[in-house]
Amino acid sequence: MYEETTWQETLKHAESGLQAPCYIFDADILARGVQQMHELMPHCGALCYAMKANPFLVKYIDPYVDRFEVCSPGEYEICSRAGIDPEKIIVSGVSKTEHSMRRIFELGRGKGIFTAESMQHYKILSRLAAEKKTHIKMLVRLTSGNQFGVDEATLEEIFRLNQGSEYCQIIGIHYFSGTQKKLKKIEKELAYVDAYAKKLKDQFHMEELQLEYGPGLSVAYFEGDKPAPRKEQMEALEELLKGLENFSFVGIEMGRFVASDCGCFITQIDDVKKSDDTNFIILDSGLHQINYFGQMMGMKLPPIHQFPKRDAQAQEYTLCGALCTTNDILVRDIALNAPEIGDKLFFQRCGAYSMTEGISLFLSRDIPAVYVYSQKAGYECLRESFATDLLNSKQSEQGAK
């Protein structure tokens, strides 16, 4: 976990000589963190990795998790190429079409678990299962008051329609309301779904019911963040899981909490200048490549290391990205020691979402390379840096001769 990492772990990446900008995901930190989750939460029947947090980690986290949550056809294709057992995949997502589900049936032969987030989802999945004479397992997602899932009345209607189904087995419910939650909210949610599970079991004469739950545990991204320590959050969640009475099995689904600590982003200083009383640094990256939950126009300070770090008096700098927009401010005030053009800055806790949530095609700048590191195997390039100008123009066009 992040509390166990030190500047020395960042230093080994600094000395690797990798070309900036790039992402590095540390497979050893990832493995340690997931193993700790298993140790601290024995009442978690299955630990599910929500791969939207970082699809590059699928292959490396596979030995340590029980399930993968897949939310799009593309994510399923990634799992298929990585050799993930279809039995480990939960096919989730708010948008399911007959075309996309046919492709997933083709790849996974109906194995794993499918979620229904609407009556339409249920009809598509049950129809395909009957057509292909394939037995499937289903979770029905209960809404938390947003566009995801269905309300109680619709959920119960799906349960009724499915009674006696030959090919579709509803095994439980799926519930997730968001991320960066406090423990009191998690406690309230689990009390609600546990009580609702009793109603479902009594109404539909079900002896067993499973829960797939996303707790949305908090990650401390910035200086001044004060969520409960990670270990304390997991221990508290374990106590809440022990108190559930109406579920025979509980799967815990996490993405940000699993992946955030294992990644860093390396960016290079392209320019250092002063305008009036403000010191500016221009980086070779920007908000299109470095994304933190709650970043707020550079008003918050994530953990950043300077390399090389010089023996000089620190001064305050504003870190700006390479995009031609006044919005591209990463940090408004950071103390650095005599930074120079060519120096590197290491943004920590970039293991989740940064590489996929940014506006990466804006200004047609290059997409950064992605590396994974382990002490045993060293560095492996998962994606080379590549230009985006061809993605932002008609590819057959040629420049003037």
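At what angle do helix α8 and helix α9 pack, and how far apart are their axes? Helix α8 (residues 183-204) and helix α9 (residues 230-242) pack at an angle of about 20°, and their axes are 11 Å apart. Residues are numbered from 1 along each chain as its sequence is written. This is a predicted model, in which local features need pLDDT of at least 70 and side-chain atom pairs count only at pLDDT 80 or more, while totals for chains, interfaces and linings use all residues.

Helices (H or I, at least four residues) and strands (E, at least two) are DSSP runs, numbered from the N terminus. Axes are lines fitted to C-alpha atoms, for helices over the stretch in contact, and angles run from 0 to 180 degrees between N-to-C directions.

**The barrel**

Eight strands make a closed barrel in the order β2-β3-β4-β5-β6-β7-β8-β9, with parallel pairing. From one strand to the next, the twist averages 30°. Two strands pair if DSSP finds at least two bridges between them; β3 (residues 67-70) and β4 (residues 89-91) have 3 bridges, in the parallel sense. Glu69 has Ile90 in β4 as its bridge partner.

**Helices across the strands**

Contact here means heavy atoms within 4.5 Å.

| Helix | Lies across | Angle |
|---|---|---|
| α5 (residues 98-108) | β4, β5 (113-116) and β6 (136-141) | about 165° to β5 |
| α7 (residues 152-162) | β6 and β7 (168-176) | about 170° to β7 |

**Back to the helix pair**

In α8, Leu183, Ile186, Glu187 and Leu190 meet Gln233, Ala236, Leu237 and Leu240 of α9.

Notes: Heavy atoms only, no water.
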